[in-house]
Amino acid sequence: MAGEKVDLTGAKETLLMTLYGKVLESRQPNSLLQDRFADEAVRKIDYDFSRLKVDGNLGLGFAIRAKTLDVRVRDFLARYPDAIVLHLGCGLDTRIFRVDPLPGVDWFDVDYPDVVALRRRLYPPRDQYHLIASSVTEPGWLAEVPRNRPAMVVAEGLTPYLAADEGPRLFARLIAHLAGGELMFDAYSRFGLKLMRLSPALKATGAEVHWAIEDPRELERVIPKLRLINEVPSYKPEQGARLGWSARLFVGLWKLIPAMRKAGRLLRYRF
């Protein structure tokens, strides 16, 4: 049987990078994610994943980030069983299946129309799961999202690809529309964006990164209803033994040098 052909370039193609990295990690015996849905999707796709130059270190990094976000989503839903989850720039991520929310939750995945069309071919439908085919920066799609329920907003691997003025405008629109909740996403300093541009995997896609966040409280000043809850490191010490020697050296420097510690981290806000 012929696989699903994909014709994605630039920032869109990076979704294949993160998908494949999570699959590499999920195939390990001590996997954090154990993401069978992602693995099945990769097996269905007709694409040369080797061109993305994703290795085990990068895959583990993606898995740590994804697992951290999964835990926060589950925690939020345990506190608000009637919540909505809004996953911005979902790509081919399988968080909806990993978290497996209870029936009281409505889940919205948002991405470009061609990405959503690919998701529909790769993943099964489920009750109270909604796909919105739109660029996240277009304002119209928010009309499909309820505004009277607690909301958990997640953006994974999205913010660096936004223009510096687009990100705050997007978050401001979300906060104005939604009743309240939490917002969590990965953010990168200017130094972090420089490191991303050096990544062979990112170079393979031709994607460009733009939006740097030096001080997480910058967004509080721009969007007064946002309140920073905490910053979560990109790497966790207990996972260090699974990294290759070069990555362990990087993490060692990351712990010692402040500029490296804020190169990439997860930011969690309340609104």
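Guide: A contact means heavy atoms within 4.5 Å. In this protein, residues 24 or more positions apart account for 74% of the contacts with a separation of 6 or more. This is a predicted model, in which local features need pLDDT of at least 70 and side-chain atom pairs count only at pLDDT 80 or more, while totals for chains, interfaces and linings use all residues. Residues are numbered from 1 along each chain as its sequence is written, and side-chain values use heavy atoms, with hydrogens and water left out.

Visitor: How many aromatic pairs does the structure hold?

Guide: The structure holds nine aromatic pairs. Rings of Phe, Tyr and Trp (its six-membered ring) pair if their centres lie within 6.5 Å; planes under 30 degrees apart count as stacked, over 60 as edge-to-face and the rest as tilted.

Visitor: Why is the pair of Tyr 20 and Phe 49 called stacked?

Guide: The ring centres of Tyr 20 and Phe 49 are 4.9 Å apart and the planes are at 20°, so the pair is stacked. The pair links distant parts of the chain, 29 residues apart: Tyr 20 is in helix H1 (residues 10-26), and Phe 49 is in the loop between strand S2 (45-46) and helix H3 (56-79). Helices (H or I, at least four residues) and strands (E, at least two) are DSSP runs, numbered from the N terminus.

Visitor: What makes Tyr 20 count as buried?

Guide: Buried means under 20% relative accessible area, exposed over 50%, and partly exposed in between (1.4 Å probe, protein chains only). Tyr 20 has 18% relative accessibility, and therefore counts as buried. Phe 49, with a relative accessible area of 7%, is also buried.

Visitor: Why is the pair of Phe 171 and Phe 185 called tilted?

Guide: The centres of the Phe 171 and Phe 185 rings lie 5.0 Å apart and their planes are at 40°, so the pair is tilted. Phe 171 lies in helix H6 (residues 166-177) and Phe 185 in strand S7 (residues 181-188), so the pair ties together parts 14 residues apart in sequence.

Visitor: How do you know that Phe 185 is buried?

Guide: The relative accessible area of Phe 185 is 0%, so Phe 185 is buried. Phe 171 has a value of 1% and is therefore buried.

Visitor: Which residues form one aromatic cluster?

Guide: Phe 37, Phe 97, Tyr 123 and Tyr 129 form one such cluster.
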